[in-house]
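Welcome, and please take a moment with the sequence and the fold. This short report walks through the sheet and then the core.

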Amino acid sequence: MEEKKEIYRGKAVTQKDEKQTIKALLKAAIFCLVIFAVSKYLPFSWVFEIGAIVLSAIYINKVLKQGTFIATYILYEDKLVVLTRYGLIEMVTAQYELAKATFTERTITYEGKTHPFYPDEELKRLLKIQTIS
């Protein structure tokens, strides 16, 4: 198996810092508390409670993907690899073949699916991504 040459390695430019993430998670918790308190007075309260839990889970997942986990992009000659660090564990979470992927300033479209993308200026330059002003 031939090793490909690493061209670039850099951290993703995340959208949220730690304080913003905590604020967003607190909003989700407060939302659940309010729904649980109000739902006692409504018929079929369990529907509202389950709905609040589902919506909060979706929102929390979105928030955590925007900044809590550290993503590193590694650009090889033929692919872009995404490593994600969860505490002390680091694992490959995605691989995109350059010939099959479409890169924009905020997304990667690969095999019909669109994924969030947070490149720095150097990675944008290497992938020849046009910056929208």
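## Ground rules

Strands (E, at least two residues) are DSSP runs, numbered from the N terminus, and two strands pair if DSSP finds at least two bridges between them. This is a predicted model, where local features need pLDDT of at least 70, side-chain atom pairs count only at pLDDT 80 or more, and totals for chains, interfaces and linings use all residues. Residues are numbered from 1 along each chain as its sequence is written, and side-chain values use heavy atoms, with hydrogens and water left out.

## The sheet

Let's begin with an open sheet of 4 strands, whose order is β1-β2-β3-β4 with antiparallel pairing. At its edges lie β1 (6-11) and β4 (89-97), each of which pairs on one side only. On average, neighbouring strands are turned by 20 degrees against each other, direction ignored; the axes behind this angle are lines fitted to C-alpha atoms, and angles run from 0 to 180 degrees between N-to-C directions.

Now follow the pairings across. β1 and β2 are joined by 5 bridges, and K11 stands opposite T72 in β2. Between β2 and β3 there are 6 bridges, with L83 of β3 as the bridge partner of T72. A hairpin of 2 residues links β2 to β3. Finally, β3 (residues 79-86) and β4 share 8 bridges, and L83 has V92 as its bridge partner in β4.

## The core

A nonpolar core is a set of buried Ala, Val, Leu, Ile, Met, Phe, Trp, Tyr and Cys residues joined through side-chain atoms within 4.5 Å. Buried means under 20% relative accessible area, exposed over 50%, and partly exposed in between (1.4 Å probe, protein chains only). The largest such core has 18 residues, of which Y73, L80, Y96, F103, I108, F117 and L123 touch the most other members. At least two core residues come from each of β2 (70-76), β3, β4, β5 (101-103) and β6 (107-110), and β2 gives the most, with 3. Because 6 of its 7 residues are buried, β2 is largely enclosed by the rest of the structure.

## A residue on the edge strand

Is I7 buried or partly exposed? I7, in strand β1, is partly exposed, with a relative accessible area of 44%. Beyond its neighbours within four places in sequence, I7 is in contact with L75, Y76, E77 and L126. I7 and L123 are 116 residues apart in sequence, yet their C-alpha atoms are 9.9 Å apart in space.

Definitions and conventions:
Contact means heavy atoms within 4.5 Å.
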